[in-house]
Amino acid sequence: MNQNSKPKLAMYWASSCGGCEISTLNIGENILAVDELFEIAFFPCIADFKVKDVEGYPDGYIDVCLFNGAIRNSDNQEMAELLRRKSKVLVAFGACAHQGSIPALSNLTSRAATLETVYLDNPTLDNPQGILPNTQYEADEGLLELPTFFNTVRSLGQVVPVDYTIPGCPPEPHQIWTVLQAVAAALLQGAELPPAGSIIGAGTVAVCKECTREKEEKQIGRYYRPFEIVPDPERCLLSQGIICMGAATRSGCGALCPQVGIGCRGCYGPPDGVDDQGAAMISALASVMDTTYPTDNGNSLEQQIDTLIDTLADPAGTFYRFSLANAVLGRARQPASPVHK
Amino acid sequence: METLNAEQLNFEPVVVGFTCNWCSYRAADLAGMSRAKYPANIRLVRFMCSGRLDPVFIMKALKGGADGVLITGCHPGECHYLEQNYKALKRFKLLRRMLSQFGYEPERVQLVWASAAEGTYLAHQISRVVEEIRALGPLHRASDTPSFELIGDAQLQEATV
Ligand code: SF4
Ligand code: SF4
Ligand code: SF4
Ligand code: FES
């Protein structure tokens with residue numbers, strides 16, 4: 001096939017760990033088919049492309065752009081806007097682009113506090129002059145510019161319109177390959193694409209539905225962190241008191257984590273019909289709390305619940321590990337301080 | 001309670017009240033009929049049972065402009081759907097713990113049990129909750145600029161050094 005008639009594929013990382021690229025390359029020898037089917041138009045992880053190459057493309061030149069990573073700084077935002085303009089189909093790829101994922105956990109604190117921890121107050125630092133990153137620097141060669149670090153991390157869809165979302169941290173290779181094949185079939189043979197806005201490369205129900213552990217009606221007296229307990233190999237983890245987000249998380253991975261004894265962390269985001277993963281998780285955890293119901297003493301019931309909740313470290317960080325940018329509550333409120341006046 | 005400043009006095013908080021149909025909504029009705037006064041700041045939303053209350057409703061109320069939320073239900077042991085109010089209590093406590101990590105004061109979301117006969121008691125509790133939220137001030141301030149706001153580096157230096 002002539003180079004120019006091949007559909008153009010791009011993959012870009014914004015505030016990203018690189019795991020999404022690794023997962024894409026993990027589709028194995030199918031990567032050769034990808035190279036056969038598509039012309040790579042921009043993919044900084046695997047080939048030397050420059051932003052000015054993309055700027056030089058006509059609008060809509062890229063057929064499909066897989067965009068991973070969250071929007072953490074002004075560079076991420078500019079790249080999101082640029083790639084939106086240059087791409088016919090823009091895919092939010094992976095949990096960071098989908099709902100903020102790990103970078104968005106810093107929405108529980110502030111930009112000032114984050115920079116302070118990273119540059120000023122940390123045992124591994126050596127920064128006696130307290131130098132913080134500046135967005136501009138007058139060098140001998142001229143004015144150098146760095147991106148501005150935002151106060152709040154956003155998902156891709158909060159910055160530009162997104163056509164599809166492939167969830168997961170990272171998305172599973174077999175799901176990526178299925179999506180790429182579907183896209184190629186649509187572009188080359190006129191097959192139908194899924195309706196705009198869909199979540200693709202995943203299921204619609206909860207991870208619990210894919211999980212083969214024995215479910216049981218059981219209530220527990222405390223929660224356990226992974227190092228505090230050896231899980232029973234057969235039984236549902238949540239009913240053993242191990243935090244498992246399966247009930248509040250979209251299927252599609254094949255319940256990978258619970259199958260090997262680790263509670264689901266929630267990386268596929270909420271299933272269809274659930275707006276907020278944290279709210280769904282509160283309901284799921286409340287339903288397994290064991291408090292023997294005293295009829296005469298409301299207080300002791302409350303104390304029991306408090307003690308049980310004390311065994312759950314970091315509820316917000318646990319429930320929204322992958323979805324904080326899209327939480328109904330938005331970011332944490334910030335105390336009035338000199339920074340926020 | 002400390003004396004309120006002018007801003008707190010002029011502030012009329014909006015409190016969304018999620019009430020159970022069987023006890024507390026009747027208590028609120030009774031309060032009205034027996035002319036026990038409670039402030040108009042509360043906007044009551046009736047549910048069949050406190051156990052129907054999905055935590056996301058509370059989040060949406062807070063996000064959508066409420067300054068606080070009051071959940072009411074039947075006393076422990078008296079829920080018309082057996083133990084649903086225990087479930088409500090567990091969700092409420094877990095939600096409140098999590099809300100503190102989002103910077104919400106505990107008084108913003110409260111839970112009160114009230115039977116159908118406790119009209120005056122409920123009216124009193126509503127007034128108390130409204131006054132506590134008034135004292136906290138508005139949840140949404142004009143100074144809460146869009147969430148991804150940029151903050152100048154000079155201000156950052158000032159704040160951290
Ligand atoms: S979704 Fe996961 S693997 Fe992909 S960039 Fe984000 S943190 Fe990395
Ligand atoms: S809670 Fe976790 S372990 Fe239990 S069934 Fe659901 S996914 Fe499996
Ligand atoms: S089990 Fe949960 S955390 Fe693990 S891969 Fe699946 S969705 Fe992600
Ligand atoms: S019926 Fe009133 S709380 Fe359940």
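This is a predicted model: local features need pLDDT of at least 70, side-chain atom pairs count only at pLDDT 80 or more; totals for chains, interfaces and linings use all residues.
## Chain A at a glance

Let's begin with the overall build. Chain A holds 13 helices and nine strands. Along the principal axes, its C-alpha atoms fill a box of roughly 75 × 55 × 30 Å.

Chain A has 341 residues, and 51% of them count as buried.

## The surroundings of ligand 1

Which residues surround ligand 1? The shell is made up of A:S16, A:C17, A:G19, A:C20, A:N68, A:G94, A:A95, A:C96, A:G168, A:C169 and A:P170. Two elements of chain A each give two or more residues to this shell, namely α1 (19–25) and α5 (94–99). Of the elements, α5(A) gives the most, with three residues.

By class, the shell around ligand 1 contains six nonpolar and five polar residues, and no charged ones. Two of its members, A:C169 and A:P170, are also worth a look for their backbone: the peptide bond that runs from A:C169 to A:P170 is cis, and its omega is near -15°. A:P170 itself sits in the loop between β9 (164–166) and α8 (173–189) of chain A.

Around ligand 2 you will find A:C208, A:C211, A:R213, A:K215, A:C236, A:L237, A:L238, A:C244, A:G246 and A:P258. Sorted by class, these are seven nonpolar residues, one polar residue and two charged residues.

For ligand 3, the residues to look for are A:T249, A:C253, A:L256, A:C257, A:P258, A:C264, A:R265, A:G266, A:C267 and A:Y268. This shell divides into seven nonpolar, two polar and one charged. If you are tracing both sites on screen, A:P258 is a handy landmark, as it belongs to the shells of ligand 2 and ligand 3.

## Two positive phi angles

Now for two backbone details in chain A. A:A255 has a positive phi, near 55°, although this residue is not a glycine. Its place is the loop between α9 (207–210) and α10 (256–259). Is A:A255 buried or exposed? With a relative accessible area of 0%, A:A255 is buried.

A:D314 is another residue other than glycine with a positive phi, here about 55°. A:D314 belongs to the loop between α12 and α13 of chain A. Its relative accessible area is 41%, so A:D314 counts as partly exposed.

## Where chain A meets chain B

Setting aside residues up to four places away in sequence, A:E302 touches B:L89 and B:K93. With B:K93 there is also a polar contact of 3.3 Å between the side chains. Within its own chain, A:E302 is 236 residues from A:L66 in sequence, and their C-alpha atoms are 48 Å apart.

A:R333 lies in the segment after α13 (315–319) of chain A. A:R333 counts as buried, because its relative accessibility of 17% is under the 20% cut-off. What does A:R333 touch, not counting residues up to four places away in sequence? Its partners are B:F102, B:G103, B:Y104, B:E105, B:R108, B:P138, B:L139 and B:R141. One of these, B:E105, is joined to A:R333 by a polar contact of 3.2 Å between side chains.

From the chain B side, B:L99 is part of helix α4 (residues 84–101). B:L99 is buried, at 2% relative accessibility. Leaving out neighbours within four places in sequence, B:L99 is in contact with A:L329 of chain A, and with B:L62, B:Y104 and B:V109 of chain B. B:L99 and B:V109 are 10 residues apart along the chain, and 9.0 Å separates their C-alpha atoms.

Methods:
Residues are numbered from 1 along each chain as its sequence is written. Chains are lettered from A and ligands numbered from 1 in the order in which they are written. Side-chain values use heavy atoms; hydrogens and water are left out. Contact means heavy atoms within 4.5 Å. A polar contact is a pair of N or O atoms within 3.5 Å; within protein, one must be able to donate a hydrogen and the other to accept it, and residues adjacent in sequence count only if both atoms are side-chain atoms. A residue is near a molecule or strand if one of its heavy atoms lies within 4 Å of it. Ala, Val, Leu, Ile, Met, Phe, Trp, Tyr, Cys and Pro count as nonpolar, Asp, Glu, Lys and Arg as charged, and the others, Gly among them, as polar. Helices (H or I, at least four residues) and strands (E, at least two) are DSSP runs, numbered from the N terminus. Buried means under 20% relative accessible area, exposed over 50%, partly exposed in between (1.4 Å probe, protein chains only).
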